[in-house]
Amino acid sequence: MSANPYFPNLFSPIKVGTKTIKNRIEAAPALFAFLHYQDCPQMRFKSESIERAYRMLEAKAAGGAGSVVLGELSPNHTYCKRFPFEPDIDFTSRDDEIFRITKRTAEMIKSYGALPIGELLSTGEIKTNIGDGINPKGPSEKDLDDGITHVDAFTREEIQEHIREHITACKWFEAAGWEGVMIHCGHGWLPAQFLSPAYNKRTDEYGGSFENRARFTIELLSQLREAMGPDFLIEIRVSGSEHLKGGLEIEDTVKYCKLCEPYIDLIHVSSGHYLSSSRSWEFTTAYAPHGANIENAAIIKQNVNIPVAVVGGINSPEQAEQAIASGKVDMVSLGRQFFADPAFPKKAAEGRADEIRRCLRCGRCYPGPSGEHETEIWTVKFPPLDSCTINPDTVWPASYHQVLPERMPVPQCARKVLIVGGGCGGLQAAITAADRGHKVILCEKSDKLGGIINFTDHTDHKVDIRNFKDLLVREVMKRPVEVRLNCEVTPGMIGEIAPEAVILAVGSDDLILPIEGIENAVTAMEVYDRDFAGLGKSTIVLGGGLVGCEAAADYIDHGIETTIVEMKGSLMPETTGLYRTAVHDFIDSHGGKYEVGAKVVKVGKDFVVAEQNGKEITLKADSVVNAMGRRAHSTEALKAAIQVPCWEIGDCVRARQIGDAVREGWTAAMEIV
């Protein structure tokens, strides 16, 4: 077979154990397996999630992945149960509904030429407290810091029983047509707990020396291999480094992988720890490098003789190709990137890499546990999952309030659609409406498309958003969309155009509060337009929401001494999870300063007066930036002139995020029939 002309290494087949995988792209276990089973009798509530979860997996296989991993099933449903709504799977059954669904899923993945792989995960002591009265089990007995949870230590007999549970689960997967399993040995789960001296305080043969601490994993893998034979693929997921004080480092992982090597076929290198998802790079954000784990994976590959895959912030086929071509890794594993664009492999293989929607690493799809940063005092431990910021067709199975494309009727005819505003929402609406056969006129009052996210042209922290903005513009230009720049739509113009449907995407403007001297502050968007000129050596940012903090991070990155003033008691009070931690940590670690609980009362060109704790404070700097938020542009005059179906989307409804505008633009276009 001839080499792919665009990415020859990425699309070359690879032998893993006795299996041949068609290319070097693995779809990582980024979808909870239990979502497949929410209609089953064992579940506590009913939903339509099975087909949605199935469809998300199918998109990965149909999009060209070489292997597809089904995420997170526990071989034990008592002390390893993570969520109260997980089903209690009978791994000895071969004729219940869960088994039939699992078999159907494997057959679907195979129908696209991909290998189906299951993932088994044991929680150990970090089992979620779901109120079931069952203590978690770990390497050692202890009380957790929450003051509630007691951890029981595994006995020798329980260790062997748990290994047998893994074997039973693997045989269940095999009977359902799955080609192998991934055993999760990283992210602080049970095998990593046994390996880590921070968790493992045992004095028997499973504690003490490195070899003893690795014994649980080696006995598990060796017995799995003996039970399953050579033709069942066994992959392990490891953290190259836990990136935590006192945590496992790359030297530990290399030794560990060498001990595991005789019993496994593939090593999948991640990083981090579940209890510190942002700081440990379990999930990378825009404040971490792309391909964050490639160098650690390369070190592991130098020390073993089996294939090595790497996951972590890889969102471009160019970086994936280079990592494989250089010999650093054998495969790449993509998690959230498959949400952003499940057709990533297909587009890259066909020379359409410029059409790939590249993951923003924004954390919208999976925000991560809240409370990681010390200032985050929210009680919500797990913020809700959401649809992908840049792919409105990726909807978590629990999000039934959102429009699903398979439920939308085909348009009755081609409608004349007027879209007012060329920001990300308007651009997405234009793309979707054109793809559904409508005649689209897109009017933008400025001289270029992109709207507010054109500010990303001036910041490297937002390179992924910049790429997305540029992609939207390219995609519009490829379609038969009539684009009118320098065109501010008036009520009279709507009558002249005579559209059959209108989408208003007129955006927002800087919020200017009635504060004495506020005119002395430059707005955050003006700073970007000036490419940071005029701020001087120091600046004060008014507003410590996400917009203000991200702007402050950019100023700090340009060597500008920056102080943030926020009225509420903490920075970014509207945000939770791993992305908030990443932004806050960047500010903290790069010398940013902030005053919280401080209400601005007066602004000068080089000073700010605020009230804090009943006292007046004065801050001085070379400049002041107003980042207190955005205000929706009024649509009342335009709506009064519209006599046809009309949708308002994005910031002109209320100032929000890119994902809201993209989703609403897509939804509006889908509803035009």
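His243 is partly exposed, with a relative accessible area of 32%. In this predicted model, the residue has a positive phi of about 50°, although it is not a glycine. His243 is located in the loop between strand 10 (233–239) and helix 7 (250–260).

A positive phi is also found at His187, where the value is near 55° in a residue other than glycine. The loop that holds His187 runs between strand 9 (180–184) and helix 4 (190–195). His187 has a relative accessible area of 4%, and therefore counts as buried.

Ser316 belongs to the loop between strand 12 (308–311) and helix 9 (317–325). Because its relative accessibility is 11%, Ser316 counts as buried.

The side chain of Ser316 reaches the backbone nitrogen of Gln319 at 3.1 Å. When neighbours within four places in sequence are left aside, Ser316 is in contact with Phe344 and Arg358.

## Aromatic pairs

A pair of aromatic rings is described by the distance of the centres and the angle of the planes. The model contains 15 aromatic pairs. One of these is formed by Phe99 and Trp172, an edge-to-face pair with 6.2 Å from centre to centre and 65° between the planes. Phe99 lies in helix 2 (residues 97–111) and Trp172 in helix 3 (residues 156–175), so this pair ties together parts that are 73 residues apart in sequence. Phe99 is buried, with a relative accessible area of 5%, and Trp172 is buried at 0% relative accessibility.

Phe455 and Tyr528 have ring centres 4.8 Å apart and planes at 50°, so this pair is tilted. The pair links distant parts of the chain, 73 residues apart: Phe455 is in the loop between strand 15 (439–443) and helix 13 (463–478), and Tyr528 is in helix 15 (residues 524–529). Both Phe455 and Tyr528 are buried. Elsewhere, ring pairs link Tyr79, Phe154, Phe194, Tyr206 and Phe216 into a cluster.

## Charges over rings

Aromatic rings also take part in arrangements with charged side chains. The charged end of Arg104 sits over the ring of Tyr54, at 3.9 Å from the ring centre.

A lysine provides a further example: Lys255 lies over the face of Phe210, and its distance from the ring centre is 4.2 Å.

The model has 41 salt bridges. Among them is the bridge between Lys137 and Glu158, whose closest N and O atoms are 3.1 Å apart. This pair links distant parts of the chain, with Lys137 in strand 6 (residues 137–138) and Glu158 in helix 3, 21 residues apart. What is the relative accessible area of Lys137, and is the residue buried or exposed? Lys137 has a relative accessible area of 13% and is therefore buried.

Glu374 forms a salt bridge with Arg279, and the closest N and O atoms of this pair are 2.9 Å apart. Glu374 lies in the loop between helix 11 (344–349) and strand 14 (416–420), while Arg279 lies in the loop between strand 11 (266–270) and helix 8 (294–301), so the bridge ties together parts that are 95 residues apart in sequence. Glu374 is exposed, with a relative accessible area of 59%. Arg279 is partly exposed, with a relative accessible area of 29%.

## A further salt bridge and a network

Glu482 and Arg484 form a salt bridge in which the closest N and O atoms are 2.8 Å apart. Glu482 is partly exposed at 38% relative accessibility. Arg484 is partly exposed at 27% relative accessibility.

How values were computed
Residues are numbered from 1 along each chain as its sequence is written. This is a predicted model: local features need pLDDT of at least 70, side-chain atom pairs count only at pLDDT 80 or more; totals for chains, interfaces and linings use all residues. Side-chain values use heavy atoms; hydrogens and water are left out. Helices (H or I, at least four residues) and strands (E, at least two) are DSSP runs, numbered from the N terminus. Buried means under 20% relative accessible area, exposed over 50%, partly exposed in between (1.4 Å probe, protein chains only). A polar contact is a pair of N or O atoms within 3.5 Å; within protein, one must be able to donate a hydrogen and the other to accept it, and residues adjacent in sequence count only if both atoms are side-chain atoms. Contact means heavy atoms within 4.5 Å. Rings of Phe, Tyr and Trp (its six-membered ring) pair if their centres lie within 6.5 Å; planes under 30 degrees apart count as stacked, over 60 as edge-to-face and the rest as tilted. A charge sits over a ring if NZ of Lys or CZ of Arg is within 6 Å of the ring centre and within 35 degrees of the ring normal. A salt bridge is a side-chain nitrogen of Lys or Arg within 4 Å of a carboxyl oxygen of Asp or Glu.
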